[in-house]
Amino acid sequence: MSSHREAPEISKDPVADSTDLYAFVSPDHPDTVTLIANYVPLQSPASGPNFFEFGDDVLYEIHVDNNGDGHADVTYQFRFETKLNDDNTFLYNTGPIEALDSENWNRRQFYSITKVDGNGHARILARNVPCPPANVGPLSIPDYKGLAADATFKLKSGEKVFAGQRAEGFFVDLGSIFDLGTLRPFQNLHLLGQKAFQEAGKAVNATDRVNVHSIALQVPIKDLRGKSSPVIGVWTSASRRQVRVLHGHNSDDVYVGPNVQVSRLGNPLFNEVIVPMSKKDLWNSLPPTEDKNFVQFVEQPELARLLPVLYPGVFDNLDALNKAKTARADLVAVLLTGIPEGLIDGFTNNTGEIQADMLRLNTDIKPSKEENPLGVLGGDLAGFPNGRRVRDDVVSISLRAVAGATFALVDKDFTPDDAVAILEQGLSAKDVTAPFLNRFPYLGIPYDGFNNPS
């Protein structure tokens, strides 16, 4: 998946797991950029009495680099605090929650927002900002949409902010992909599936009808861009204090030491698919400036070697490229430096020579009137890998890129295999049950526990 349970240690710590990152010029406010950082993956909506929430002991951050050095020039920090209204009930709520200050709501969360510049100077933008509740069910939450609107705030500093539960928007056929690399639209061509499957299959969205927790910001472009380039690089992180001392007999645990990064995310699927299992926890702990140490896995991705093996006779040109041990300069550009001028007419999101996994967005490119889910590969320069919109089919884009679609941009003598043009996971935004919104915070209303079949 994009970055759900992608590394051994963070899979044990979902409240700090950076799952998806989106960055795009806002279609309804094109003078702003929307940044969405998702955490706490794969939430079953019916999870009472302890419904999902942000971690009070986690520092959540969204970082923006605007000069291409791989260091943050603008960072938004979010810290959460949980408060109990009634110490003598086991219930999340004791009646309908019809307002953010409802007496019926027992377990509430609030957060502060701090903005840090590239020199480390910090400014608190807001304190005690309320989150909306989890979407328990229609009796408990008669109007989640209204509560979410009330929990969306315009800050005096110019940003719009929301932090709370949303419907999972990332769509992926997880069950097939991790079953030895099966792609249901190609399952009858799989090495082990030629006898098992007589024809192509229909993909299943494994992440449908689950929720996530989102931190969404809408920021004026002028507050994020640097002086010399319209391109910004974005990544998220989650950090914990270095030491936690458990008292055991009460909740007054002691936290000691500096914050230590335990999760990060730039481009979707980077740690998930590119980084080997033995180095995934290490990658999560490092800043983007250290990604030069992982370039070998970008230049020679394991998935590119597997495709010709799993689908014999389908990716012969890719197989020849692999056997020649050709370094994948195209993937290095897409993931680590941005795409330079001259490869795609009218487009660049290059940030220079520093190799760093960041979601790069050229803020000069206006939102598309009609989005193509294949983004730049589909001729839509406002889509992934130019940032990432909520409806972009990043799995299919990544599959085509790894299979050789983008290598043809850097080597005109290379011809992608015919299958590359139709290679896809077989899903789209239409396979997400909760509809996306055309306005902030764009991700759909979270599924409620009462009506969810799972």
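# Notebook: one predicted chain

**Entry 1, the whole chain.** I began with overall size: for 454 residues a compact globule would have a radius of gyration near 22 Å, and the chain agrees, because its own value is 22 Å. I noted that this radius is taken over C-alpha atoms and that the globule rule is 2.2 Å times the number of residues to the power 0.38. The model is predicted, so I kept in mind that local features need pLDDT of at least 70, that side-chain atom pairs count only at pLDDT 80 or more, and that totals for chains, interfaces and linings use all residues. Residues are numbered from 1 along each chain as its sequence is written, and side-chain values use heavy atoms, with hydrogens and water left out.

I then looked up the extent of the C-alpha trace, which spans about 70 × 55 × 45 Å along its principal axes. The chain holds ten helices and twelve strands, these being DSSP runs numbered from the N terminus (helices are H or I, at least four residues; strands are E, at least two).

Of the 454 residues, 55% count as buried, where buried means under 20% relative accessible area, exposed means over 50%, and partly exposed lies in between (1.4 Å probe, protein chains only). The chain exposes about 19700 Å², and carbon and sulfur atoms supply 52% of that area; accessible areas come from the Shrake-Rupley method with a 1.4 Å probe, and for residues only the protein chains shown count as cover. I also looked up contacts, meaning heavy atoms within 4.5 Å: among those between residues at least 6 apart in sequence, 66% join residues at least 24 apart.

Why is helix H9 (residues 394–403) largely enclosed by the rest of the structure? I found that ten of its ten residues are buried, so the rest of the structure largely encloses this helix. The buried residues of H9 include Val394, Ile397, Leu399 and Arg400. I listed what covers them, and the cover includes helix H2 (174–177), helix H6 (302–310), helix H7 (316–323) and helix H8 (329–337). After H9 comes Gly404, whose phi is positive, near 120°.

How many aromatic pairs does the structure hold? I noted 13 of them, counted when rings of Phe, Tyr and Trp (its six-membered ring) have centres within 6.5 Å, with planes under 30 degrees apart called stacked, over 60 edge-to-face and the rest tilted. The rings of Phe270 and Trp283 have centres 5.5 Å apart and planes at 25°, so this pair is stacked. It links distant parts of the chain, since Phe270 sits in helix H3 (residues 270–274) and Trp283 in helix H4 (residues 280–285), 13 residues apart. Phe270 counts as buried at 1% relative accessibility, and Trp283 counts as buried at 1% too.

I compared this with Phe407 and Phe414, whose ring centres are 5.3 Å apart and whose planes meet at 85°, so the pair is edge-to-face. Phe407 counts as buried at 3% relative accessibility, and Phe414 is buried with a relative accessible area of 11%. I also found a cluster in which ring pairs link Tyr39, Phe54, Tyr60, Phe78, Phe80 and Tyr111.

Charges over rings came next, which require NZ of Lys or CZ of Arg within 6 Å of the ring centre and within 35 degrees of the ring normal. Lys83 lies over the face of Phe110, at 4.8 Å from the ring centre, and Arg166 lies over the face of Phe162, at 5.3 Å from the ring centre.

Side chains of opposite charge can pair when their charged atoms come close. I noted 16 salt bridges in the structure, each a side-chain nitrogen of Lys or Arg within 4 Å of a carboxyl oxygen of Asp or Glu. Asp57 forms one with Arg240, the closest N and O atoms being 2.7 Å apart. This pair links distant parts of the chain, 183 residues apart: Asp57 is in the loop between strand S2 (32–43) and strand S3 (58–65), and Arg240 is in strand S10 (residues 231–245). Asp57 counts as partly exposed at 23% relative accessibility, whereas Arg240 is buried at 18%.

Last, I looked up Asp380 and Arg389, which form a salt bridge with the closest N and O atoms 2.8 Å apart. Asp380 is buried, with a relative accessible area of 5%, and Arg389 counts as buried at 5%. Both belong to a network of salt bridges that links Glu371, Asp380, Arg389 and Asp392.
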